Amino acid sequence: MVRYIGRRLIALLPILFGITLVVFMLVHITPGDPARTYLGIHATDESLKALRHAWGLDQPIPLQYLIYLSGLVRGDLGQSLYYGTSVRSLIAGSLVPTLFLLLLSSLLAAFVSVILALIAATKPETLVDHTIRAIPTVGLAMPTFWVGTILILIFGVHFGILPVGGYGTDIKSHLESLILPSVAIAVAIVPVLVRSLRAALLEALNMDYVAFARAKGLRPSSVLIRYALRNASIPAVNILGVTIGFLVGQTLVIENVFALPGLGRLMIQAIFKRDFPVVQGIALVFAILTMIVFLLTDVACDLLDTRAA
Amino acid sequence: MGVRTSIAARGKLLSPGRRRSGAAARFWGAGRAVRANPTLFAGVIIVCLTIAVAVLAPILAPFDPIDQDLTHALAGPSGSHWLGTDSLGRDVFSRIVWASRIDLAVAFASVVAPFVVGTAVGLVVGYVGGRLDAIVARMADVVVAFPVYVLIIALVFALGPGVASIFIAIAIVSWVPYMRIVRGETRILRSRAFVEAARVGEFSHIRILLRHIAPNVISQPIVYASSDVIRDILAIATLGYLGLGVPPPAPEWGAMIADGQEYFSTDWMLAVGPGVAVVVTGFGLALVGDGLARAWRIDR
């Protein structure tokens with residue numbers, strides 16, 4: 001198992017290299033001079049030169065990349081241009097709300113999807129099934145930020161039972177302020193999950209071992225959960241993993257709808273301050289986060305699938 | 001489908017007298033097509049309606065979408081302003097109508113480049129294989145490692161605001177699924193008998209790719225494109241919402257929702273209205289995608 005994970009990690013190295021290259025190139029695809037873009041049109045030549053030197057922009061590009069890489073290896077993501085502190089400490093300060101939101105929303109999405117898929121798969125080709133199968137078609141078309149604003153309108157403004165934004169100060173208020181954002185993200189993810197999960201469940205229900213379990217006289221509910229759901233969970237975990245990139249992208253947007261002090265909000269704020277190192281650092285962290293989830297998904301699938309072991 | 005047409009053909013042969021001619025036959029044919037695939041039909045109608053709204057915007061919209069009337073700012077729905085006015089006194093209904101032009105045009109246009117590039121690269125890579133295939137696969141892995149919106153937003157930021165940046169950012173991110181779909185299909189077809197036969201016939205590789213393989217794989221990227229348009233509409237609206245989209249004062253659904261969110265407790269229509277427009281458009285396109293997938297028997 002350890003050797004297997006080690007092999008997977010080594011296979012990830014070229015992708016990691018590519019990611020750093022993309023993030024590094026962000027500064028260099030900017031039209032014109034990034035120093036000029038940052039300082040504005042009234043900047044003096046000396047200040048431009050000083051900033052270019054400070055950013056290392058006066059070095060040849062391959063050398064700049066090597067300097068950037070050697071910084072990354074030491075865990076140095078650069079200095080924020082606006083806040084003046086290290087990008088690493090800024091990211092560390094915003095990481096927890098994002099991870100918390102990711103965890104809550106994926107749990108919620110997985111839970112709702114399993115319930116809906118179970119209902120749809122046990123009553124195939126009925127009205128309930130057709131209704132559940134229509135969810136992806138509608139859900140696909142709903143912008144997450146709009147769902148978020150509607151939720152604020154209903155539960156925050158109209159009923160006033162949940163906070164309209166912010167993160168609160170203690171664990172209870174954290175949870176309260178994460179409910180609506182998690183629901184908004186789940187609305188975006190559930191449609192994708194239900195479709196695949198239902199198909200996986202139907203396939204599992206057609207298997208011989210399910211027929212055998214039924215013939216043994218096991219209760220239908222235990223056949224469904226112990227046999228069908230367990231075997232359908234492999235494709236389901238896979239789909240959840242593939243969706244994670246989408247999920248992380250949604251947190252970025254939804255944090256800005258609900259003013260949650262996470263990475264997504266930090267990134268958008270940095271964009272408006274033209275704070276290049278912070279934007280680069282967050283893009284890098286998001287990509288690495290996604291890669292870790294991909295890896296965990298594959299490992300989880302192999303653990304669930306006893307045939308592979 | 002095959003059975004039905006053969007029965008119809010037999011009917012024609014047996015009783016030439018009952019053959020419907022001209023317009024009637026076409027009408028009945030269309031009716032049967034609708035019943036065979038109501039999803040596609042409903043989707044096409046919704047999409048045609050939204051396109052009609054975009055094209056006829058100058059006629060449909062009662063007011064100029066960027067004309068400000070500060071004395072009538074934030075006026076609620078009324079006879080002249082059906083959905084009220086926004087904080088600058090602009091007619092919300094007119095802005096939603098005009099925004100359909102921008103959102104639809106940018107979304108449809110931004111599907112073209114990824115479709116063409118992804119399909120072409122997928123064909124070549126799937127056919128040639130080998131080292132080129134491995135390199136492209138790694139490139140795709142790198143793009144996919146970034147959460148979609150993270151890379152699009154970072155690219156739009158780096159490239160500077162404007163429609164051109166949106167096109168480029170979406171193209172860089174979304175060629176990958178087209179490439180992967182087409183590559184997979186091409187690899188399967190490469191070893192099929194009719195391709196082998198063409199190769200034995202010493203046709204050029206380009207001819208084999210374009211005349212023998214491409215026509216057999218093209219339906220898959222087309223179905224994917226119909227749902228990709230939705231993703232692009234959402235991406236454009238999201239960028240607009242975050243303040244990184246089509247620059248103001250041009251009316252754009254996402255930016256309108258962001259503006260409206262500030263006046264939530266009093267004028268909720270400002271934020272809800274443009275969202276409904278996005279949902280209706282996306283729903284129509286989703287139906288088209290489902291319908292096409294059904295008509296071409298593509299499993300999704």
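## Charges over rings

The charged end of Arg207(B) is placed over the ring of Phe203(B), at 4.3 Å from the ring's centre. The model described here is predicted. In chain A, Lys273(A) lies over the face of Tyr82(A), 4.4 Å from the centre of that ring.

## Aromatic pairs

Over all chains, a search of the whole structure finds nine aromatic pairs. One of them joins Tyr178(B) and Tyr224(B): the ring centres are 5.0 Å apart and the planes stand at 90 degrees, so the pair is edge-to-face, given that angles over 60 degrees count as such. This pair links distant parts of chain B, since Tyr178(B) belongs to helix 8 (residues 163-190) and Tyr224(B) to helix 11 (residues 219-241), 46 residues apart.

Tyr178(B) is buried, with a relative accessible area of 0%. Tyr224(B) has a relative accessible area of 19% and is therefore also buried, as the limit is under 20%.

In chain A, ring pairs connect Phe17(A), Phe24(A), Tyr65(A) and Tyr68(A) into a cluster.

## The second largest pocket

The second largest pocket holds about 550 Å³ of space. It is lined by 20 residues, and those closest to its centre are Ala54(A), Trp55(A), Tyr68(A), Gly78(A) and Gln280(A). By type, the lining divides into 11 nonpolar, seven polar and two charged residues.

Four helices of chain A, namely helix 1 (2-28), helix 3 (45-55), helix 4 (61-73) and helix 12 (276-304), each supply at least two lining residues. Helix 4 of chain A gives the largest share, four residues. Because domain 1 (2-73) and domain 2 (93-304) of chain A both contribute to the lining, the pocket lies between them.

Definitions and conventions
Residues numbered from 1 in each chain as written. Chains lettered and ligands numbered in written order. Predicted model: local features only at pLDDT ≥ 70, side-chain atom pairs only at ≥ 80, totals over all residues. Heavy atoms only, no water. Phe/Tyr/Trp six-rings, centres within 6.5 Å; stacked < 30°, edge-to-face > 60°. Buried < 20%, exposed > 50% of the residue type's maximum accessible area, 1.4 Å probe, protein only. Lys NZ or Arg CZ within 6 Å of the ring centre and 35° of its normal. 1 Å grid on protein atoms, 1.4 Å probe; cavity = no way out; pocket = protein on both sides within 12 Å on 5 of 7 lines; lining within 4 Å. Points joined across faces, edges and corners; volume = space filled by probe spheres on them. Nonpolar A, V, L, I, M, F, W, Y, C, P; charged D, E, K, R; others polar. Domains from an automatic or database assignment.
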